[in-house]
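Please look at the sequence and the model below, and keep both in view while reading this report on aromatic pairs, a ligand and a pocket.

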Amino acid sequence: MSKVRIKEIFSSVQGEGPYIGYKQIFVRFCNCNLKCNYCDTDFAPNQYFDEFDPFELAQCIRKYNLSLIHSLSLTGGEPLLSNVFLKEFLPLVADMKIYLETNATLADRLIDVIDFVDIIAADIKIPSASGLANSFSFHDKFFEIAKRKECFAKVVFNQNINQNEIAECCNLAAKHNIPLILQPQMSSKSLDFSSDFLNDVLDKFLLLYSNTRLIPQVHKFLNLQ
Ligand code: SF4
């Protein structure tokens, strides 16, 4: 039976995207296949973690009052790095709604678990904010599979966003018919961008793709985890 390293398990309120305000249980997986400039997850080698097999993790989750919970959020890190574990674990919590937060680069691993997932919150990584090389071809492959389920794409951006990136995001979202959520990069509890800039970015997206919304990270304003 496979085991997985889990950084933390907690109950809180979803603070990003269209499901803002819903109460969830969060399971934060260790490790990621990317290294984004704005990442706020601690991947230090000596980081604290617990190891679980699928039954132990399901047992741990069932200690919460599930009648208050909208869904179980698999987050990270990158949960799909643990696809083998998830294939064993997710059938054990099949009575719960499963919300997968992913960097949307591991299409081959998504295939393994998509039947068990209800909602996919997928990133589109733009180089100007993430510092990564262009990931659009990975995202394209990913959305081809992800769109079988409820899915939306989150674009974290900052003052360096450019028109090419905007066009690529809109083309990708239009091709797969998925909502785009623009999320201003936040380092603390304050938004470091003017309302003019935020409106300008939103307008540039809307001109190319109408199914776009601007939603900041709300949990930071609310002092939630
Ligand atoms: S994909 Fe997410 S967890 Fe991985 S490095 Fe980027 S921000 Fe961090």
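The sections that follow take up the model, its aromatic rings, and then the pocket with its ligand.

## About the model

This is a predicted model, in which local features need pLDDT of at least 70 and side-chain atom pairs count only at pLDDT 80 or more, while totals for chains, interfaces and linings use all residues. Residues are numbered from 1 along each chain as its sequence is written, and side-chain values use heavy atoms, with hydrogens and water left out.

## Aromatic pairs

A pair of aromatic rings is described by the distance of the centres and the angle of the planes. Rings of Phe, Tyr and Trp (its six-membered ring) pair if their centres lie within 6.5 Å, and planes under 30 degrees apart count as stacked, over 60 as edge-to-face and the rest as tilted. The structure holds 8 aromatic pairs. One of them joins F85 and F89, which are stacked at 5.7 Å centre to centre with 20 degrees between the planes. Because F85 and F89 are 4 residues apart in helix α2 (residues 83-89), about one helical turn separates them; helices (H or I, at least four residues) and strands (E, at least two) are DSSP runs, numbered from the N terminus. Both F85 and F89 are buried, a word that means under 20% relative accessible area (1.4 Å probe, protein chains only).

F157 and F197 form a tilted pair, 6.1 Å centre to centre and with 45 degrees between the planes. This pair links distant parts of the chain, since F157 belongs to strand β7 (residues 150-157) and F197 to helix α7 (residues 195-208), 40 residues apart. F157 is buried, with a relative accessible area of 0%. Elsewhere, Y19, Y22 and Y99 form one aromatic cluster.

On a 1 Å grid over the protein atoms alone, a pocket is an open set of points where a 1.4 Å probe fits, with protein on both sides within 12 Å along at least five of seven lines, and lining residues have an atom within 4 Å of a point. The largest pocket is lined by 43 residues, and E16, R28, D40, T41 and G76 lie nearest its centre. Strand β1 (4-13) gives the most to this lining, with 4 residues.

The ligand sits in the largest pocket, which requires that more than half of its atoms lie within 2 Å of the grid points.

How values were computed. Buried means under 20% relative accessible area, exposed over 50%, partly exposed in between (1.4 Å probe, protein chains only).
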